[in-house]
Amino acid sequence: MEFVNYIVLGCSIVAFALSLIACARIGKFVKATTDTDWETLANLTGDIAALKRTAQTLNNRLNGMNKAVVPQDQIIQQMLEHQNVEQIRRGG
């Protein structure tokens, strides 16, 4: 049963060390953001929105959702071919 005490002691030391690291990171964050005002925050929000739009546009291009415009002649040709297939299926 003595090994359980050592395991608990080890876990407690690790938890304490992790809490010290978290406190240091929070202090670093607070120190870095002390001079942030509402104007800076608004600028950051606008920059993030612009980056989001750029990323969405790039993803759409990569996924093929934003394809180039298909020429009208090609659309008409596909429509005529579709009509010919429909007429053959109907027996006409």
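Predicted model: local features only at pLDDT ≥ 70, side-chain atom pairs only at ≥ 80, totals over all residues.
Residues are numbered from 1 along each chain as its sequence is written, and side-chain values use heavy atoms, with hydrogens and water left out.

Reader: Which order do the elements of the protein run in from the N terminus on?
Author: Helices (H or I, at least four residues) and strands (E, at least two) are DSSP runs, numbered from the N terminus. The protein has three helices and zero strands. From the N terminus on, the order is α-α-α.

Reader: How many of the 31 residues of H1 are buried?
Author: Buried means under 20% relative accessible area, exposed over 50%, and partly exposed in between (1.4 Å probe, protein chains only). Helix H1 covers residues 2-32 and includes Val-8, which counts as partly exposed because its relative accessibility is 47%. H1 lies largely in the open, since its number of buried residues is zero.

Reader: What distance separates the end C-alpha atoms of helix H2?
Author: Helix H2 (residues 38-63) has 26 residues, and at 1.5 Å a residue they should span 38 Å. The distance between its end C-alpha atoms agrees with this, at 37 Å.

Reader: Which residue just after H2 takes a positive phi?
Author: The residues of H2 are 38-63. Just after H2, a positive phi of about 85° is taken by Gly-64.

Notes: Expected span 1.5 Å × (residues − 1).
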